[in-house]
Amino acid sequence: MSTKPNLNKVEKDLVISMDYELSVEGDVIDYSEPNDPLEFVQGHGNIIQGLEEAIDGMATGDSKEVFVKAIDAYGEYDADGFVEVPKAEFPEDIPMEVGIEISVNNDDGEEMAAFIEEVSLEAVTLNFNHPLAGKDLTFKVKIVGIREATVEELEHGHVHFEDHDCCCEDGECASEGGECTCGENEKE
Ligand code: ZN
């Protein structure tokens with residue numbers, strides 16, 4: 001019996017190349033450029049959960065429209081998800097500008113993303129809601145390629161690109177899910 005994965009179908013631990021177009025309330029807000037599909041390791045939370053589940057089992061060449069409710073995408077909007085930080089306590093190296101994304105450690109030492117919502121005379125208000133929180137998402141996706149992940153990619157849980165060596169050591173990676181961030185400067 002062969003243990004080789006079936007490379008015709010999207011399944012866990014395979015690297016998937018996918019064209020996508022994302023719309024919210026009828027407006028296209030994001031899409032992959034032609035011939036530059038999104039690449040990710042299926043089953044590792046690289047993409048939002050609702051989408052990952054919906055594409056499981058699709059074959060190369062298959063297209064699909066996937067509707068993902070907010071709760072399975074970036075979560076419901078949390079009206080209490082705001083925190084005011086006195087300016088004096090705000091880190092000096094982060095610009096106090098509305099819209100800037102920062103990462104904050106919570107009481108459990110967990111890293112959380114927040115956006116600067118407001119800057120007043122005395123304080124900076126942080127918004128812990130993702131910009132797409134509370135939004136239902138519609139994806140048009142097409143599976144354009146499926147390949148086996150390398151051992152290292154599986155260890156890290158994300159795709160490594162050919163044009164750079166991953167700088168993550170021993171599986172300790174700077175990126176949480178998503179693609180390897182090591183080569184970001186070379187890629188841009
Ligand atoms: Zn890596």
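The chain exposes about 11,900 Å² (Shrake-Rupley method, 1.4 Å probe), and carbon and sulfur atoms supply 45% of this area. The model is predicted, so local features need pLDDT of at least 70 and side-chain atom pairs count only at pLDDT 80 or more, while totals for chains, interfaces and linings use all residues. Residues are numbered from 1 along each chain as its sequence is written, and side-chain values use heavy atoms, without hydrogens or water.

Three helices and nine strands make up the secondary structure; these are DSSP runs of at least four residues for helices and at least two for strands. From the N terminus, the order is β-β-β-α-β-β-β-β-β-β-α-α. Contacts are heavy atoms within 4.5 Å. Of those with a separation of 6 or more, 59% join residues 24 or more positions apart.

Buried residues (under 20% relative accessible area, 1.4 Å probe, protein chains only) form 34% of the 188 residues. The largest nonpolar core holds 23 residues. Such a core is a set of buried Ala, Val, Leu, Ile, Met, Phe, Trp, Tyr and Cys residues joined through side-chain atoms within 4.5 Å. Ile16, Met18, Leu51, Ile55, Leu137, Phe139 and Val141 touch the most other members. Strand E1 (14-24), helix H1 (49-55), strand E4 (63-68) and strand E9 (137-148) each supply at least two residues of this core. E1 gives the most, with six. Another core, of seven residues, lies apart from it and includes Val85 and Ile102.

Valine 98 lies in the loop between strand E5 (82-86) and strand E6 (101-105). Valine 98 is exposed (over 50% relative accessible area), at 60%.
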